[in-house]
Amino acid sequence: MNYPDEITYGNKDHFRLASFSLPSSLLHWSKPPPSRTWTVVMTYQQDYLSPCLYPLSALSDIISTVEFNHTGELLATGDKGGRVVIFQREQESKNQVHRRGEYNVYSTFQSHEPEFDYLKSLEIEEKINKIRWLPQQNAAYFLLSTNDKTVKLWKVSERDKRPEGYNLKDEEGRLRDPATITTLRVPVLRPMDLMVEATPRRVFANAHTYHINSISVNSDYETYMSADDLRINLWNFEITNQSFNIVDIKPANMEELTEVITAAEFHPHHCNTFVYSSSKGTIRLCDMRASALCDRHTKFFEEPEDPSNRSFFSEIISSISDVKFSHSGRCIMTRDYLTVKVWDLNMENRPVETYQVHDYLRSKLCSLYENDCIFDKFECVWNGSDSVIMTGSYNNFFRMFDRNTKRDVTLEASRENSKPRAILKPRKVCVGGKRRKDEISVDSLDFSKKILHTAWHPSENIIAVAATNNLYIFQDKVN
Amino acid sequence: MAGVAGPATGSGAAGGDGDDSLYPIAVLIDELRNEDVQLRLNSIKKLSTIALALGVERTRTELLPFLTDTIYDEDEVLLALAEQLGNFTGLVGGPDFAHCLLPPLESLATVEETVVRDKAVESLRQISQEHTPVALEAHFVPLVKRLASGDWFTSRTSACGLFSVCYPRASIAVKGEIRQYFRSLCSDDTPMVRRAAASKLGEFAKVLELDSVKSEIVPLFTNLASDEQDSVRLLAVEACVSIAQLLSQDDIEALVMPTLRQAAEDKSWRVRYMVADKFSELQKAVGPKITLNDLIPAFQNLLKDCEAEVRAAAAHKVKELCENLPMEGRETMIMNQILPYIKELVSDTNQHVKSALASVIMGLSTILGKENTIEHLLPLFLAQLKDECPEVRLNIISNLDCVNEVIGIRQLSQSLLPAIVELAEDAKWRVRLAIIEYMPLLAGQLGVEFFDEKLNSLCMAWLVDHVYAIREAATNNLMKLVQKFGTEWAQNTIVPKVLVMANDPNYLHRMTTLFCINALSEACGQEITTKQMLPIVLKMAGDQVANVRFNVAKSLQKIGPILDTDALQEEVKPVLQKLGQDEDMDVKYFAQEAISAVAQRLRKLDFPVKDSEEPSAPGADKNHFLRPRGPGEDTGKEGAAVRDSQAPR
């Protein structure tokens, strides 16, 4: 039997959430105490960062995606429980410079619920795989959220007035005697406490046979794409009952399946260009102008394999887990298991830059395979000016690479060292035999603490780091 | 509620009339904010009633401010509101106060839902006509400017649709400003706004002075047509049509054609698709001379485009293009310049292209006449009838009537038959369904003899198809055939074959007999129904499968109106009453339904129905079903169905 949804290549789900979680832990999203932020310069000489910690608990609270909106004013997270939490940045005021980067909970809503596909006898998890913000079009905010099968468009809007005055009821809601009505009252709008509402505007369902791994909004503002393991579909925001298939790599015979799509993204400015990455470590760039079905790529980015490094795990670790265009649109960045690579769009035969994220794991691949960690899908992000790259690692470590100075740093997001306003110390993993003080041995790394999802403010040095069920917000020091 | 408006209207404003007339209005106002969307929607739809009751003064000062802030509602409520406000001028005090309606419509013009915004713009356009020229400049133009310079692109896109309505009535100075605003929207940062501007470019050009069209619109058009986003460029193609209509031949050649030529060769297939899709309009707009010089070569390129979507769109336009060519030299032009490309398309690699062509190619025969059709088109038709893709064959078959007029269908019938047979046996049931639907048409054109000889067996075979939808369509098909060929034909060819199936070992086929009878009885008339069909139906009441039995009950109910009262009374009723005591729940239920229907019909015919002959309750003595029944014995819905029918008595 050939169950189409059993493509687990590079897609082994580590968590295996068995029971359905209830939207229980709203209370855990309590507001952080005031003044928990500290402004620290984030340079690679000093590497001091300060955290702002939002504690969470329960398995359903494991954060599965983090995304700033286009202004950086809002930050959205999605979790395994199908919830979306939106944080809003504190309004800046001159005498509170230190609170510059503080974010407070703005809105929380249940985006997806667990479902059951009766035709295929499959549970559809409510886990939010990706969130993408739309460019702002009016006073409300719009975002797309997706689980494995269904993309939803949400509107998040504010309301600060409510109508008052009824004809048939008095102020306390008691019914009036109809005989006493001598004049008509038109309701009047009165100010009230600000209320933030999230309303589902569109549901884009039933278009994906496999698991959706990416969504990406097009620069034409009217379409977006959704990619699953074998296909990419193009949607119009206004139309939910049809989508156009733009990539289909499903072989006629599933036995011949050799690669799957792992991530896809639109070019930030050219509405006709998009890239998708594959489990074989390659990236294809397609031009939608050329033809309706983009099964022939325009560019094909692949680095020739180094035969000396060939091993049983070569193919698994070369699988690309994330692909991101730079803000300028000139480069793309890819993350595979051990490295981050930057490719120039005009050079297909090798990346212009390669950064080792945790090369010390190369000798541990065997045990990482056994505990499934080798299938972890790390994401990667650019900073606002495309000069710095950030991506995650294990032991709650995350890495930053400065493309200009070629310096890099390892930082840790953990509760122990992230008291408010604390300064983050750079971490070092000991590679050789002799461990220096303040170094961590490779063998003592905790592989259950992984940082898969991070986000970088579009214009400032503020970053959000999701470490299992904790969200940390750090910013560079200003003074 | 309509009656409510009466007294309130009479008094002009509410207040003095007392409670009777106020109460319904009070309810309506309160329901404007009911939790149930449907109630809110109802209230909004009666907004004119509320406004009438409030009077013009209070409508302006209280109702409209409230509505202006009601933009948080569901789309359908907002849509209804936007629509209502377009017809509200009279209710706010006439044209002098039309500007009071602008604030609520302005806020509706900025919501994210396109249909609501479009409706708000439509209402604004309507209201603009009711403004005096002074009010237009004092209130409406400022609104357009506000929207056009709004922070969010929703408001700027809405503004694009309002320029053309205020321009003709504005003073010269304001006209200049309006043009300036439109220009800036055409080069807006967001593609959404540029698209909105591009789609309104033609409409705006129409109200401009010809000089301004040449000096301002044409450069805007050229810019939009070379926008970096192909989603904007493709809209410029549409604008091309409207602009070309305004210009002289020389101006078209100089100002529009360079852009159009460029669009027809655009790098993006979507733009080329748009050119193909709008080809007939373009052809009419640029006139015959440019068509011959420029458009025909462009069309040839589109027909052999590398993208199948473009070829398909062009193929769709083949017939219209040929029809619209100037009569003089049309035939030679088609034969030399178009037909060679069509021949290529018949063997295209893409089935959408082939089926698009197949849906229009038959239309060429009337344009080219008998000889050319036989010599050049017929081979193509025949090739398409043998195409591997069923859609292509279906499209040819569904358009047979065009050819029939020119060369007669006999030329085709030799190839037609294998094509039909193959479609009729296609593995995909949707294909079989499609060909069934063309059967009555084919039967009409091929005539009864050909039909009996070649196609009748197919129609009968569909009755035992393993897909229900096919069997269902096949029964409907039989009915249509009977309508076409008459009852005598039915009696000789169809009815016997249908009735034989009543003894089929497969109960699904036995049910098909019943469905056929349901469909055919009306077309066949009383005599055939009573003499041939009824006995079979009655016999099937003893079927061992419950599904067949309850379908017998349903059939009897269905054919009841066609039968005469004797048959109903003597034959149908006893059988139904027996079924009414069936051990199966569903059989009992449908039998009771049928009994009451039959009883009703008998009453209508003034046939004396005695109480004692009314159906007995379920579970009554099996041997004595004419037993009178007491009301206490009713249990369940079966009983209830009967009791309802007795109520009028």
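**Exercise 1.** Determine how many residue pairs are in polar contact across the interface of chain A and chain B, and which elements of chain A take part in that interface.

*Solution.* In this predicted model, local features need pLDDT of at least 70, side-chain atom pairs count only at pLDDT 80 or more, and totals for chains, interfaces and linings use all residues. Residues are numbered from 1 along each chain as its sequence is written, chains are lettered from A in the order in which they are written, and side-chain values use heavy atoms, with hydrogens and water left out.

Step one: the rule for a polar contact (a pair of N or O atoms within 3.5 Å, one able to donate a hydrogen and the other to accept it, where residues adjacent in sequence count only if both atoms are side-chain atoms) finds 21 residue pairs across the interface, both residues at pLDDT 80 or more.

Step two: strand 10 (151-164) and strand 11 (188-204) of chain A, strands being DSSP runs of E of at least two residues, are the elements that give two or more residues to the side of chain A that touches chain B. Strand 10 gives the most, with seven residues.

**Exercise 2.** Find how many salt bridges the rule gives across the interface of chain A and chain B.

*Solution.* With a salt bridge taken as a side-chain nitrogen of Lys or Arg within 4 Å of a carboxyl oxygen of Asp or Glu, the rule finds seven across this interface. A salt bridge joins the side chains of A:R201 and B:E113, at 2.7 Å from N to O.

**Exercise 3.** State how many residues each chain brings to the contact.

*Solution.* Counting heavy atoms within 4.5 Å as contact, chain A supplies 44 residues and chain B 42 residues.

Terms used. Helix = DSSP H or I, 4+ residues; strand = E, 2+ residues; numbered from the N terminus.
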